[in-house]
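Please read the following report alongside the sequence and the coordinates.

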Amino acid sequence: MDEQEWDLSQLDEAQRQEKLQALDAKLAQIQELLQRMENLAQLASRPECTPPRRARLQGEFHRLKGEIDRVADSLWVL
């Protein structure tokens, strides 16, 4: 079995529910991060956004992307 596959049939119902709830929480966290990234992109695209402000927004955007990668990687170790 691939390390990124789960055999949920080997778990009892409580264990399956626990894993599914943990996955759901992590996916909700990723969704929140994506929403913030969308907001940052919208702010950066405004004509009144100055280059220094755009650079700060871009820095936060890249930090959030790294956070999404970290959360996504943690999905496989639940």
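This is a predicted model: local features need pLDDT of at least 70, side-chain atom pairs count only at pLDDT 80 or more; totals for chains, interfaces and linings use all residues.

Residues are numbered from 1 along each chain as its sequence is written, and side-chain values use heavy atoms, with hydrogens and water left out.

**Fold and surface**

The protein has two helices and zero strands, where helices (H or I, at least four residues) and strands (E, at least two) are DSSP runs numbered from the N terminus. Helix 1 covers residues 13-44, and helix 2 covers residues 51-74. For helix 2, the 24 residues at 1.5 Å a residue should span 34 Å, and the end C-alpha atoms are 35 Å apart, which agrees; the expected span is taken as 1.5 Å times one less than the number of residues.

The accessible surface of the protein comes to about 5,900 Å², of which 52% belongs to carbon and sulfur atoms, as computed by the Shrake-Rupley method with a 1.4 Å probe, where for residues only the protein chains shown count as cover. Of the 78 residues in the protein, 21% are buried, where buried means under 20% relative accessible area, exposed over 50%, and partly exposed in between (1.4 Å probe, protein chains only).

**Packing between the helices**

In helix 2, the residues Leu-57, Leu-64, Ile-68, Val-71 and Ser-74 are buried, and the buried residues of this helix pack against helix 1. Leu-64, leaving aside its neighbours within four places in sequence, is in contact with Leu-33, Arg-36, Met-37 and Leu-40, contact meaning heavy atoms within 4.5 Å. Among contacts in the protein between residues at least 6 apart in sequence, 65% join residues at least 24 apart.

In soluble globular proteins, nonpolar side chains tend to be buried together.

Arg-56 is also found in helix 2, but at 56% relative accessibility Arg-56 counts as exposed. The C-alpha atoms of Arg-56 and Ala-44, which are twelve residues apart along the chain, are separated by 9.3 Å.

**Salt bridges**

A search of the whole structure finds four salt bridges, each being a side-chain nitrogen of Lys or Arg within 4 Å of a carboxyl oxygen of Asp or Glu. The table gives some of them.

| Pair | N to O distance | Relative accessible area |
|---|---|---|
| Arg-16 and Glu-13 | 2.9 Å | Arg-16 23%, Glu-13 44% |
| Asp-69 and Lys-65 | 3.4 Å | Asp-69 38%, Lys-65 42% |
| Glu-67 and Arg-70 | 2.6 Å | Glu-67 23%, Arg-70 45% |

Arg-16 and Glu-13 are separated by about one helical turn because they are three residues apart in helix 1. Glu-67 and Arg-70 are likewise three residues apart, in helix 2, and so are separated by about one helical turn, while Asp-69 and Lys-65 lie four residues apart in helix 2, about one turn of the helix. Side chains of opposite charge can pair when their charged atoms come close.
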